[in-house]
Amino acid sequence: MARGSSMKNIREPAVAGIFYPENPRELSRILDGFFAGIKKTVDGEVKALIVPHAGYEYSGPVAAWGFAQISPCPHAVIIGPAHFEYIDGIAGNSYDGWQTPLGIVKHIQSNRFATNNHAFDQEHSVEVQLPFLQKTMPTVSLSCFLTGTDGNRKDIAEKMCTEYPNSLFVISSDLSHYLPDTETREKDRKTIHAILNGDAQYILDTQNSACGLEGIALLIEIAQLKKWKSSLVRYDTSAGTSGDCNRVVGYAAIAYYV
């Protein structure tokens, strides 16, 4: 949706100029650079992604590998962790649209889940995924959620499957945080193995496995209901771009497909 939309209730960008460029031309150029040379590696129709949400200079290349696997889809559900406010289970929002430097994306509010606009106001985990979607699916609409406690995960998964039977699910999560690079890679290897094997309990029980662990566990539940397959698309750490191997964050792009 173009900038200048007549929609009134718009969620303005909170981290443009911080996590990604606020200048639209610069943002578009950086995204084009991320996507340049990427190949589709998933042999199937992608139904869901796990992708990172750090600053683009660190996690953008890995996230792009995930988004490069998708096919055009009219609607996407983005689920991120709430970094700044307590959420009981899961919460949506009542915005009509979400704005980035690339324009406004129509938002479709869910009637099945509670809303908490305030929790989204400064939250980056959802926002940083939007420009990638705008680049790959320019006409996409969104429904955005934040997770906190696990709530009734099975019930939430069933409601998600019912309300969004044909939507792309995007789970926003980094993996382990602020460990040495060698330790990070070993820890993340075990986490990725658990995700690919549908072991949600490992993710939930293991300290510093992933900041978006509730969303990942929810996706594992949804994938089991839908009988989706999963595949690791790309992995790296922040050391790959920063060169600092002492305190790094792990990033993975994982695709679920049929």
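Reader: Which residue in S7 is the bridge partner of Gly-80?

Author: Leu-146 is the partner of Gly-80 there. Bear in mind that this is a predicted model, where local features need pLDDT of at least 70 and side-chain atom pairs 80 or more, while totals for chains, interfaces and linings use all residues. Numbering starts from 1 along each chain as its sequence is written, and side-chain values use heavy atoms, leaving out hydrogens and water.

Reader: How do you know that S3 pairs with strand S7?

Author: Strands pair if DSSP finds at least two bridges between them, and S3 has 7 bridges to S7 (residues 141-147). The two run parallel. S3 is also joined to strand S8 (residues 168-172) by 4 bridges, again parallel, and there Val-77 sits opposite Phe-169. Strands here are DSSP E runs of at least two residues, and helices are H or I runs of at least four, both numbered from the N terminus.

Reader: Why is S3 called largely enclosed?

Author: Buried means under 20% relative accessible area (over 50% is exposed, in between is partly exposed; 1.4 Å probe, protein chains only). In S3 (residues 75-81), 7 of the 7 residues are buried, so the rest of the structure largely encloses the strand. His-75, Val-77, Ile-79 and Pro-81 point one way, Ala-76, Ile-78 and Gly-80 the other, and all of them are buried.

Reader: And His-118, buried or exposed?

Author: Exposed: the relative accessible area of His-118 is 57%, which clears the cut-off. His-118 belongs to helix H3 (residues 117-120). Glu-85 is 33 residues from His-118 in sequence, with 8.4 Å between their C-alpha atoms.

Reader: What makes H6 and H9 oblique to each other?

Author: The axes of H6 (residues 153-163) and H9 (residues 213-226) cross at roughly 60° and come within 9 Å. Under 35 degrees is roughly parallel, over 145 roughly antiparallel, 65 to 115 roughly perpendicular, and the rest oblique. H6 and H9 are therefore oblique. Among the residues that meet are Ile-156 and Met-160 in H6 and Leu-218 and Ile-222 in H9. The contact residues (heavy atoms within 4.5 Å) divide into 8 nonpolar, no polar and 6 charged.

Reader: How do the H1 and H2 axes cross?

Author: At roughly 60°, coming within 8 Å, for H1 (residues 24-35) and H2 (residues 56-67). That makes H1 oblique to H2 as well. Leu-27, Leu-31, Phe-34 and Phe-35 in H1 meet Tyr-56, Gly-60, Pro-61, Ala-64 and Phe-67 in H2. This contact has 8 nonpolar residues, 1 polar and no charged; Gly counts as polar.

Methods. Axes fitted to C-alpha atoms, helices over the stretch in contact; angles between N-to-C directions.
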